Amino acid sequence: MNDLIMIKGERPLWPSSSNVLIIRDKDGLIMIEAGCGGEKFSKRLVSKMRSQNLMPEKVHTVVLSHAHPDHMGGITTFLKISEPMVIISEIDAPSARNNKLLIDSFNVLMGNNYFPELGFKDSGVNLLTLFETVSKCPMATAEPDKTVREGDKLQLGDYLFEVLHTPGHSPGHISLVDQEEKICYAGDVIGEVVAWYSPSSGGAIGYLSSLEKIERFELEKIYPAHGEIITDKKKAINRIRGKILERENYILKELEKSPVHFREMVEKLYPSPNQQFFPGVQILESHLVKLEEEKKITRKNHLISLIK
């Protein structure tokens with residue numbers, strides 16, 4: 001059985017590249033994720049690969065967990081170097097082809113409803129340039145050669161992975177499980193940080209369901225997109241779930257005191273103005289959708305009230 005080789009991003013927090021998982025097979029190399037694009041990140045990844053005798057020219061397949069720039073930005077480099085086959089979920093494939101669609105799955109324009117003074121005046125296009133100007137992790141596009149869905153099997157080297165649809169952070173996010181080897185590539189679902197979530201990407205409901213889906217498998221190792229390899233599945237999942245439910249419990253406790261306007265609740269959850277427009281608005285909306293479905297709250301003219 002060939003080893004899985006993980007090339008870690010410089011740090012787990014944005015702006016930084018995702019981890020990249022590499023598998024050797026008889027035809028060369030398979031990559032899970034391509035990491036950030038741009039000169040800095042691509043040079044670092046290629047250099048790290050060469051230092052471990054992993055020749056970028058030998059990459060014949062790239063599997064992407066989803067179409068966000070810190071995971072697929074580097075695909076541009078590898079399409080030039082080795083022209084690999086690109087695999088992504090059928091749900092995220094349109095965003096891989098046209099990254100402007102991320103404006104919708106990020107629900108970025110939702111922030112204009114509550115923080116118009118902070119909003120994007122050009123229909124959210126600034127969101128796309130943010131990765132270029134701030135993180136130096138530019139957007140990328142790629143035409144997928146193959147798309148996958150829940151339950152599909154991917155033979156990657158010696159590993160037979162089952163595709164899990166694990167939304168929350170991205171509508172078509174996938175995780176990969178090899179039940180025989182008891183390993184999982186969890187992408188952004190489980191890792192050192194809790195990924196942001198938005199209604200159109202699956203929201204809190206999707207994120208919690210994705211955790212439950214992975215939790216059902218007997219796993220000895222979880223490979224995250226950000227952070228170190230995880231060997232305690234229960235602890236890692238409970239930590240992520242706990243962080244998500246902590247936000248929800250905070251919302252409910254505030255509403256026990258009195259009804260709260262949406263903007264005020266965002267400001268309570270995210271004191272930093274840099275986080276309020278995005279992802280504060282989107283995360284709060286994700287929780288309110290869940291709480292409405294559970295008939296715990298009601299809303300009228302942006303005023304949120306507890307149902308007693």
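Colleague: Before we start, what are the ground rules?
Modeller: The model is predicted, so local features need pLDDT of at least 70, side-chain atom pairs count only at pLDDT 80 or more, and totals for chains, interfaces and linings use all residues. Residues are numbered from 1 along each chain as its sequence is written, and side-chain values use heavy atoms, with hydrogens and water left out.

Colleague: OK, the open sheet of 3 strands. What order do the strands have?
Modeller: The order is β12-β14-β13, with antiparallel pairing. Strands here are DSSP runs of E with at least two residues, helices are runs of H or I with at least four, and both are numbered from the N terminus. Two strands pair if DSSP finds at least two bridges between them.

Colleague: And which strands stand at the edges?
Modeller: β12 (260-261) and β13 (297-300) do; each has a single partner strand, so one side of each is left without a neighbour in the sheet.

Colleague: How many bridges pair β12 with β14?
Modeller: 2 bridges, in the antiparallel sense, with β14 covering residues 303-306. V260 has I304 of β14 as its bridge partner.

Colleague: Which helix lies across β12, β13 and β14?
Modeller: Helix α8, residues 233-257, and it runs at about 85° to β14. Axes are lines fitted to C-alpha atoms, for helices over the stretch in contact (heavy atoms within 4.5 Å). Angles run from 0 to 180 degrees between N-to-C directions.

Colleague: Changing topic. Where is the cis peptide bond?
Modeller: From F278 to P279, with omega near 10°. P279 is found in helix α10, residues 273-293.

Colleague: What is phi at N53 and at H302?
Modeller: Near 60° for N53 and near 70° for H302. Most residues other than glycine have a negative phi.

Colleague: Where are those two?
Modeller: N53 is in the loop between α1 (38-51) and β4 (59-63). H302 is in the loop between β13 and β14.

Colleague: Is N53 buried or exposed?
Modeller: Exposed, because its relative accessibility is 56%. H302, at 37%, counts as partly exposed. Buried means under 20% relative accessible area, exposed over 50%, and partly exposed in between, with a 1.4 Å probe and protein chains only.

Colleague: Last one, D158. Which loop is that in?
Modeller: The loop between β7 (153-156) and β8 (159-165). D158 is partly exposed at 39% relative accessibility. D158 and K26 are 132 residues apart in sequence, and their C-alpha atoms are 9.8 Å apart in space.
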